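Today I'm looking up pockets and ring pairs, one entry at a time.

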Amino acid sequence: MQPLIITAAMVGAEVTREDQPHLPITAEEIATAAAACRDAGASIVHLHVRNEDGTPTQSREKFAEAIEAIRAKTDVIIQVSTGGAVGMTADERLQPVSLRPEMATLTCGTVNFGQQVFMNAPADLIRFAQELQMYNVRPEFEIFDAGMIQNAMQLAKAGLVTPPFHFDFVLGVPGALPAGAKNLLFLTELLPAGASWSVAGMGRHQLSLGALAIVLGGHVRVGFEDNIYYRKGELAESNAQLVERMARIAAELERPLATPDEARQILGIAIR
Ligand code: KMH
Ligand code: ZN
């Protein structure tokens with residue numbers, strides 16, 4: 001098995017300080033949380049940024065500020081979000097890509113997102129893939145439902161994404177594929193040979209699906225974007241606490257953790 005890549009999704013676009021008092025918001029808070037997650041065993045941070053008032057933004061400037069602050073503290077891979085928040089335009093969402101981060105997400109289809117719709121029209125998928133290719137940014141395919149794997153492979157067929165392919169299964173968003181062991185297994189069986197994958201389980205599923213992924217040879221995403229609790233009724237103290245727990249489980253299961261450079265190798269990111 002490959003060494004385990006733990007991704008820390010520390011901020012997201014939806015969680016508020018009211019929901020989770022330890023949510024990092026400023027560039028400095030985000031960088032401090034990223035360094036703590038790296039120390040705890042994460043090799044990627046999935047990055048969203050916020051305005052001063054805590055609202056989500058895809059501002060290029062805000063991303064630049066956060067990336068610079070993270071870079072000053074740690075060697076973790078920075079994966080910017082191009083999903084942003086529901087309702088943002090493609091132009092808005094694509095802003096951080098021109099900063100040439102090592103990685104970015106690429107959501108592979110439209111999906112209900114609670115009572116809202118997370119729009120990713122076919123033409124947008126092509127545009128996002130082209131933009132990532134133009135700036136030499138490695139994509140992570142975000143898969144909210146089974147058909148999205150097919151959409152990702154269409155982009156590959158068109159030469160817009162080259163192997164090695166990396167998928168992230170986002171399971172348990174209301175309106176998308178529910179979280180569960182059988183759904184995760186089903187998705188892994190649909191992947192092209194040689195692809196790597198991780199799982200982002202929503203809420204309590206972050207723990208159980210993460211543990212399953214460790215056993216299956218996949219990778220794991222944890223953090224406040226997907227889950228604010230440590231256990232039922234108990235908020236997590238930090239993003240790093242969630243990373244630490246996953247690292248402990250991996251150690252018990254004798255799955256070594258990937259360093260950022262080992263993760264770069266797995267993901268086809270040139271070591272700079
Ligand atoms: N906030 C969600 C609507 C991504 O980062 O690429 C989209 C999202 C996916 O979080
Ligand atoms: Zn995200």
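What volume does the second largest pocket have? I get about 160 Å³. A note before I go on: this is a predicted model, where local features need pLDDT of at least 70, side-chain atom pairs count only at pLDDT 80 or more, and totals for chains, interfaces and linings use all residues. Residues are numbered from 1 along each chain as its sequence is written, chains are lettered from A and ligands numbered from 1 in the order in which they are written, and side-chain values use heavy atoms, with hydrogens and water left out.

**Entry 1: pockets**

I looked up the terms. A pocket, on a 1 Å grid over the protein atoms alone, is an open set of points where a 1.4 Å probe fits, with protein on both sides within 12 Å along at least five of seven lines; lining residues have an atom within 4 Å of a point. Grid points are joined across faces, edges and corners, and a volume is the space filled by probe spheres set on the points.

The lining of the second largest pocket includes Gly203, Tyr230 and Arg245. Strand 13 (229–231) gives the largest share, three residues; helix 7 (205–216) supplies at least two. (Helices, H or I with at least four residues, and strands, E with at least two, are DSSP runs numbered from the N terminus.)

I also noted that the charged end of Arg245 sits over the ring of Tyr230, 4.0 Å from its centre. That label needs NZ of Lys or CZ of Arg within 6 Å of the ring centre and within 35 degrees of the ring normal.

The largest pocket holds about 510 Å³ of space. I found 31 residues lining it, and Glu14, Phe113, Met202, Glu225 and Asp226 are the closest to its centre.

**Entry 2: rings**

I found six aromatic pairs. Rings of Phe, Tyr and Trp (its six-membered ring) pair if their centres lie within 6.5 Å; planes under 30 degrees apart are stacked, over 60 edge-to-face, the rest tilted.

Phe141 and Phe165 are a tilted pair, 6.2 Å centre to centre with 35° between the planes. Phe141 is in strand 9 and Phe165 in the loop between helix 5 and strand 10, 24 residues apart. Phe141 counts as buried because its relative accessibility is 1% (buried means under 20% relative accessible area, exposed over 50%, partly exposed in between, with a 1.4 Å probe and protein chains only). Phe165 is buried too, at 11%.

Phe169 and Trp197 are also tilted, at 5.8 Å and 35°. Phe169 lies in strand 10 and Trp197 in strand 11, so the pair ties together parts 28 residues apart in sequence. Both are buried.
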